Amino acid sequence: MAGLTDFRRVAGEVRNWGRWGDDDELGTLNFITADKVAQAASLVKHGKVFPLGVDFGSSGPQGAFKYRHNPIHTMTVDGGDARSLPRFGLDWSANSAAQQMAGYFQDDLFRFNDDMVVMPLQCATQWDALSHVYYEDQLYNGFPADSVTSFGALHCGIDKVDGKGITSRGVLLDVVRHRGVETFLELGNPITPSELDEVARAQGVTVGRGDIVVVRTGWWARFLETGDGGEPGSGLDWQCASWLHDHDIAAVAADNLMVEDPISGVQGTLLPMHMLCLRDMGLMLGEYWDLNALAADCAADGVYEFQLIAPPLRFVGAVGSPVNPIAIK
Ligand code: UVW
């Protein structure tokens, strides 16, 4: 098994610090040029739309790992208020909100419902911002790790990528179909860099600068069958960071919970690919993407490239964001 010396060697090879300037916070999204965006748009031929976001609800994939939970959705105004509050009139002096609502609903035709959600930004379909993961006190491009405070990320927050909109050519690499596996890649069967090339070749698709690579492991399909979010399944081997670097990939996403195989291939650290991608390369990771319908369509028509539109929400200083990516063919 590789050790931290190997990890540091690869980190030195893939590190993009300073490549786009000392103040850069976009990282490999810089590969997405105006020409690339136009090329991606030209891939839309049939008007077929594939939303790649999963349901954000109480039956989501969280719970097995104690530090995250599924979205908690609460109604703050509903039909019950519209019926009850006017019955008791404006007699709500101890609760000014109820008094105000009673005022709205009394003798009026207008009705409405409101709601709110409490959730970890990482709990379902999401992007990891560059500030999500770090080591040795530095974020991407050498920004100090302690610039992420309880007030949020001063550097490399998800809001910093807004100018890019995150739209490019998407390429699906359907590894689970290529391997001929029934449902999903079980833990400890990581996808190697050469396998990524092999899958692309077998699918008849090329992968190049500025692409967003989307890898299907079958994990989300299995979760829909079993509801078991605790069995992480496999993903990319840590050395795929070099493959992503060599191909000038803009971002990578997968249908599983951490893109990479959680059995670390490097003695002495968890999630080495996270650290190489986010901290050294400046390459964002997308997790919990639902690739099932897209994969079925790609297998049917043999076209594995598409326009991908996946803008994060502009949460200021956040280290990640929910997203509902859209693939269009
Ligand atoms: C961590 O890396 C901790 O989480 P995620 O898999 O959401 O990126």
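## Basis of the model

Residues are numbered from 1 along each chain as its sequence is written, and side-chain values use heavy atoms, with hydrogens and water left out. Because the model is predicted, local features need pLDDT of at least 70 and side-chain atom pairs count only at pLDDT 80 or more, while totals for chains, interfaces and linings use all residues.

## Around the ligand

The residues surrounding the ligand are R68, Q126, D128, H132, L257, M258, L271, H274 and E287, where a residue belongs to the surroundings if one of its heavy atoms lies within 4 Å of the ligand. Sorted by class, this shell holds three nonpolar, three polar and three charged residues, with Ala, Val, Leu, Ile, Met, Phe, Trp, Tyr, Cys and Pro counted as nonpolar, Asp, Glu, Lys and Arg as charged, and the others, Gly among them, as polar.

Oxygen atoms of the ligand take part in polar contacts (pairs of N or O atoms within 3.5 Å): a polar side-chain atom of H274 lies 2.7 Å from a ligand oxygen, and an N or O atom in the side chain of E287 is 2.9 Å from a ligand oxygen. Of the 260 Å² that the ligand exposes when taken alone, the protein buries 84%, as computed by the Shrake-Rupley method with a 1.4 Å probe.

Note on methods:
A polar contact is a pair of N or O atoms within 3.5 Å; within protein, one must be able to donate a hydrogen and the other to accept it, and residues adjacent in sequence count only if both atoms are side-chain atoms.
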